[in-house]
Amino acid sequence: MVIELSGYIRQTIVKNNRGFRSFHPFVCFLYYIGAAALVMLSKHPVFLFIGAIILVGVNISLDKGKAIRQWWRMLLFVSLFFLIINPLINHRGTHILFYLGQNPIMLEAIIQGVIFSLSLLCLMILFASYNLVITANKFLFLFSKWLPQWALLAMLAMRFVPLLNRRLKEIQQVQKGKGLSVTEGPLKLRAKSGIQLVQILLTWSLEEAIQTADSMTARGYGIKKRSRYTPYQMRQKDWLALGYITLLGSVSIYGWYLGDNVLAINPILETIGLIGREWFFLLIFVIYIGFPLIIEGREAFIWHYWNRKM
């Protein structure tokens, strides 16, 4: 019997087996750990600004920027919030730009706000691409052997928000067919429809959670050593990538140790422009953060090359 895969499943399998996503889960996970650490350690606006551009490019190369477009309002809000709030509450520094009422607005506080905003922006964009690369199957592969209960719990927590969002849209469509809406009609009716919608969502989720728990118990999850659905193996390219990530990550952390990835703000404000050794560590930072982009770009180049040959 020949089982024909649907177009969606076929596309998903192809996507998960090419480019950066084709690497061993441990390599991908290590990249994200290192990238998050470097973004948090590098307190320099130039580093973080270039890092944000590269991470946007990574997302575009993975899913054409769909994940970022989905969360762009939250990204903008969080970035602007720290950009505005920091100069209003932080008055440390020696460079007074102007007074807002009785409060002096310091140049140091504005620069610090920019650094906080860019740092958070980079982390959120990085996490958007993390969800595309480290799937639930890969996450379980990495941690189910050592922490089976916690791995399952973490996986369920990570898929909780998108799952509820998807179910909410499905319930809204059904309720709309029955003439119930949370966006149209009098306020009282909309509130009643909203409560009913949340009630259906919770009931549905709790029922499925009980079924999942019963199913996992019946299958003996966590009792014995768990077999793996996808037996990932370390190949030559995985070992090379592991060496690449370890080497560049170590050099970047050494740059942070020397203070080249950090802009000194207090007590003396350092110039924002890069000088001397800082350029070298910026290059290392860019090559590390841009690793998925390099891999995706290489694959795209090879595909276009052979496409022209055929």
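**Fold and packing of the predicted chain**

Taken along the principal axes, the C-alpha atoms fill a box of roughly 70 × 60 × 50 Å. Of the 310 residues, 35% count as buried. Among contacts between residues at least 6 apart in sequence, 73% join residues that are at least 24 apart.

The average pLDDT of the chain is 83, and 92% of the residues score at least 70. Over residues 1–5, by contrast, the pLDDT is below 50, and this stretch has two contacts in the model beyond near neighbours in sequence. Where pLDDT is low, predicted coordinates should not be read in detail.

The unreviewed UniProt entry places the feature "transmembrane region" at residues 23–41, 46–65, 71–89, 110–134, 239–259 and 279–301. Two of these segments were examined in the model. Residues 110–134 are 96% helix and 0% strand, with the end C-alpha atoms 35 Å apart. For residues 239–259 the corresponding values are 95% helix and 0% strand, and the end C-alpha atoms lie 30 Å apart.

The largest nonpolar core comprises 54 residues, and Tyr31 and Ile289 have the most contacts inside it. Helix α5, which spans residues 107–133, gives the most to this core, with ten residues. When neighbours within four places in sequence are left aside, Ile289 is in contact with Tyr31, Ala35, Val39, Gly51, Ile54, Leu55 and Val58. Tyr31, the other residue with the most contacts inside the core, is therefore also a direct contact of Ile289.

Ile289 also takes part in the packing of two helices. Helix α11 (residues 277–289) packs against helix α12 (residues 291–309) at an angle of about 55 degrees, and the two axes are 4 Å apart. Because of this angle, α11 is oblique to α12. On the α11 side the contact is made by Ile287, Tyr288 and Ile289, and on the α12 side by Phe291, Pro292 and Ile294.

A local backbone feature occurs at Lys64, where phi is near 60 degrees, a positive value in a residue other than glycine. Most residues other than glycine have a negative phi. Lys64 lies in the loop between α3 (45–63) and α4 (66–89). The relative accessible area of Lys64 is 65%, so this residue is classed as exposed.

How values were computed: Residues are numbered from 1 along each chain as its sequence is written. This is a predicted model: local features need pLDDT of at least 70, side-chain atom pairs count only at pLDDT 80 or more; totals for chains, interfaces and linings use all residues. Side-chain values use heavy atoms; hydrogens and water are left out. UniProt positions are given in the numbering used here, feature names are shortened, and annotations may be inferred rather than shown by experiment. A nonpolar core is a set of buried Ala, Val, Leu, Ile, Met, Phe, Trp, Tyr and Cys residues joined through side-chain atoms within 4.5 Å. Buried means under 20% relative accessible area, exposed over 50%, partly exposed in between (1.4 Å probe, protein chains only). Contact means heavy atoms within 4.5 Å. pLDDT is the predictor's confidence in each residue, from 0 to 100. Axes are lines fitted to C-alpha atoms, for helices over the stretch in contact, and angles run from 0 to 180 degrees between N-to-C directions. Angles under 35 degrees count as roughly parallel, over 145 as roughly antiparallel, 65 to 115 as roughly perpendicular and the rest as oblique.
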